[in-house]
Each structure stands twice: as structure tokens, then as C-alpha cells.
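Take a first look at the model below. Then work through the questions one by one.

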Amino acid sequence: PTIIGFALTRLILDSAELLLVAVAGDRRGSGCGARLMHAALQTATARGAAEMFLEVRDGNEPALALYRKSGFSEIGRRKDYYSGATTERFDAITMRRRFD
């Protein structure tokens with residue numbers, strides 16, 4: 001079998017954190033990321049999470065769209081947290097989704 005993507009999360013008490021979602025370049029846009037997100041959210045709730053947090057680079061529109069579609073909303077920013085390939089700097093956007 002070929003691995004085309006994965007999601008990495010952790011749980012501390014009742015708060016889950018999405019650390020990484022990765023999808024192979026030739027599979028992006030195929031819905032794999034949405035399926036990984038769905039599985040990560042289901043696993044977190046099954047393990048007792050009341051909420052999930054994540055952090056994403058400002059300007060990463062595909063990731064932001066996926067997270068918003070998955071019910072996350074922005075709760076904060078870290079100014080100039082990420083560096084680009086040159087001297088460019090990007091904010092880190094902190095997002096949260098609560099489970100009801």
C-alpha cells in the first residue's frame with residue numbers, strides 16, 4: 001500500500017491539538033485532507049476531547065479553507081511567527097473547534 005497522507009494529533013486532558021495534516025502533492029484536492037480531518041475529529045471526540053486547537057501559517061489558503069470547513073474559527077495570531085523562503089515573514093493563526 002502507498003501512503004498518501006496522514007494526520008498527527010495529541011490529547012492533553014480534554015483538549016486535542018492537530019499538529020499536522022499532510023497529503024501527497026499529487027493527491028491534493030482529491031478530498032483526502034477532508035477525510036483525514038474527519039477521522040482526526042472523530043478520534044479526538046472518542047477519546048474525550050471537548051475541543052481541538054491548531055495553528056496554521058497565514059496565507060496557506062487550502063489549509064485555512066479545510067479548517068474553516070471543518071468548523072474551526074480563528075482565536076488568535078502570532079505576528080511574524082513563520083519565515084518564508086526569503087526574508088518574508090508570516091503570522092501564525094491559532095484556531096479552535098469546540099465539540100458539542
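Q: In which helix does Thr43 lie?
A: This is a predicted model, in which local features need pLDDT of at least 70, side-chain atom pairs count only at pLDDT 80 or more, and totals for chains, interfaces and linings use all residues. Residues are numbered from 1 along each chain as its sequence is written, and side-chain values use heavy atoms, with hydrogens and water left out. Helices (H or I, at least four residues) and strands (E, at least two) are DSSP runs, numbered from the N terminus. On that basis, the helix that holds Thr43 is α1.

Q: What is the relative accessibility of Thr43?
A: Buried means under 20% relative accessible area, exposed over 50%, and partly exposed in between (1.4 Å probe, protein chains only). Thr43 counts as partly exposed, because its relative accessibility is 42%.

Q: How far apart in space are Thr43 and Thr9, C-alpha to C-alpha?
A: In sequence, 34 residues separate Thr43 and Thr9. In space, their C-alpha to C-alpha distance is 9.3 Å.

Q: How much space lies in the largest cavity?
A: On a 1 Å grid over the protein atoms alone, a cavity is a set of points where a 1.4 Å probe fits but cannot get out, and a pocket is an open set with protein on both sides within 12 Å along at least five of seven lines; lining residues have an atom within 4 Å of a point. Grid points are joined across faces, edges and corners, and a volume is the space filled by probe spheres set on the points. The search of the whole structure finds one cavity of 30 Å³ or more. The space in the largest cavity is about 40 Å³.

Q: Which element gives the largest share of the lining of the largest cavity?
A: Thr9, Arg10, Leu11, Ala16, Thr43, Ala44 and Arg47 line the largest cavity. Two elements each supply at least two residues of this lining: α1 (32-46) and β1 (5-12). The largest share, three residues, comes from β1.

Q: How many residues of the lining of the largest cavity are charged?
A: Ala, Val, Leu, Ile, Met, Phe, Trp, Tyr, Cys and Pro count as nonpolar, Asp, Glu, Lys and Arg as charged, and the others, Gly among them, as polar. The cavity lining has three nonpolar and two polar residues. Its charged residues number two.

Q: Which element gives the largest share of the lining of the largest pocket?
A: The largest pocket holds about 630 Å³ of space. Two or more lining residues come from each of β2 (15-23), α1, β3 (51-57) and α2 (61-69). The largest share, seven residues, comes from β2.

Q: How many nonpolar residues does the lining of the largest pocket have?
A: The pocket is lined by 23 residues, and nearest its centre lie Val21, Pro62, Ala63, Leu66 and Tyr67. Five of the lining residues are polar and four are charged. The nonpolar ones number 14.

Q: Within what arc do the buried residues of α2 fall?
A: Ala63, Leu64, Leu66 and Tyr67 are buried in α2. They line one face of the helix, because seen down its axis (directions from the axis to the C-beta atoms) they fall within an arc of 160°.

Q: Which residues are exposed on the other side of α2?
A: The cover over the buried residues of α2 includes β2, α1, β3 and β5 (89-98). Here contact means heavy atoms within 4.5 Å. On the other side, the exposed residues are Pro62 and Lys69.

Q: How far is the backbone nitrogen of Asp80 from a polar atom of the side chain of Asp91?
A: Asp91 sits in strand β5. It counts as buried because its relative accessibility is 13%. A polar contact is a pair of N or O atoms within 3.5 Å; within protein, one must be able to donate a hydrogen and the other to accept it, and residues adjacent in sequence count only if both atoms are side-chain atoms. Between the Asp80 backbone nitrogen and the Asp91 side-chain atom, the distance is 2.9 Å.

Q: What is the phi of Asp80 near?
A: Asp80 belongs to strand β4 (residues 73-83). It is partly exposed because its relative accessible area is 37%. Its phi is positive, in a residue other than glycine, and near 55°.

Q: In which loop does Leu13 lie?
A: Leu13, a residue other than glycine, has a positive phi near 55°. It counts as exposed because its relative accessibility is 80%. Its place is the loop between β1 and β2.
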